[in-house]
Amino acid sequence: ALQFKAISYGKRQILDSTEYFLKKSIKIVESNLYNPIVDSTKNKLLLSNLKSNLALNYTLQKKFNKSIDVNFEALLLAKKLKNRKTEMNIYGYIAQNYFDLNNYRKAEEFYLKEKEIAKELNYNIGMAFNNIHIGNITCCWKWIRKWSETRFLGNGNKHDVYVDTSHFKTV
């Protein structure tokens, strides 16, 4: 019930309430993880999904480093369960957070892990999304190189975008 409440708040973009109910749900699932009456595998999968949802919530709050940390926790569970599709998705989430932090080398590293699993699973939808992700990285590398050379995009007309490159991290 708490998970559904968290999802409901998430859909309405009430992110602090979403975070609260996801954390509460995670605590309950963690406390029942080794309960002999409860199916441990299903609980671990649920815990992995809850942590992934919490990480997404942090991403929406622009708390990218927190999101990365929680995604690594979810990834560990997915690996223990040998759930390759979930691993693939989480690698994509981690990569996206690094991308949002302008750490394009790390983003590329995790997008390539996502791609490797999508190929292994012969998962066409995963490959399609990964191609978009890799394309975004490629564009960013080109833009960064152009920005550092010219410091603006365009041909000198009033709609050109001038860019302050000082916020880019060295990667």
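Is Phe72 buried or partly exposed in this predicted model? At 33% relative accessibility, Phe72 counts as partly exposed.

**View 1. Tyr20 and Phe21 form an aromatic pair.** The model has 5 aromatic pairs, and here is one of them: the rings of Tyr20 and Phe21 sit edge-to-face, 5.0 Å centre to centre, with 80 degrees between the planes. Tyr20 is partly exposed, at a relative accessible area of 47%, while Phe21 is buried, at 13% relative accessibility.

**View 2. Phe72 meets Phe110 edge-to-face.** Phe72 belongs to helix α4 (residues 64-80) and Phe110 to helix α6 (residues 104-120), so their pairing ties together parts that are 38 residues apart in sequence. Phe110 has 4% relative accessibility and counts as buried.

**View 3. Ring pairs build a cluster.** Look here for Phe72 and Phe110 again, now joined by Tyr91 and Tyr98 in a cluster linked by ring pairs.

**View 4. Helix α3 packs with helix α4.** Helix α3 (residues 40-60) and α4 have axes 8 Å apart, at an angle of about 165 degrees, which makes the two helices roughly antiparallel. Their crossing is left-handed. Among the residues making the contact are Leu47, Leu54 and Tyr58 of α3, along with Val70, Ala74 and Leu77 of α4. Sorted by class, this contact has 10 nonpolar, 5 polar and 4 charged residues.

Terms used: Residues numbered from 1 in each chain as written. Predicted model: local features only at pLDDT ≥ 70, side-chain atom pairs only at ≥ 80, totals over all residues. Heavy atoms only, no water. Phe/Tyr/Trp six-rings, centres within 6.5 Å; stacked < 30°, edge-to-face > 60°. Buried < 20%, exposed > 50% of the residue type's maximum accessible area, 1.4 Å probe, protein only. Helix = DSSP H or I, 4+ residues; strand = E, 2+ residues; numbered from the N terminus. Axes fitted to C-alpha atoms, helices over the stretch in contact; angles between N-to-C directions. Parallel < 35°, antiparallel > 145°, perpendicular 65-115°, else oblique. Left-handed = near helix turned anticlockwise from the far one by under 90°. Contact = heavy atoms within 4.5 Å. Nonpolar A, V, L, I, M, F, W, Y, C, P; charged D, E, K, R; others polar.
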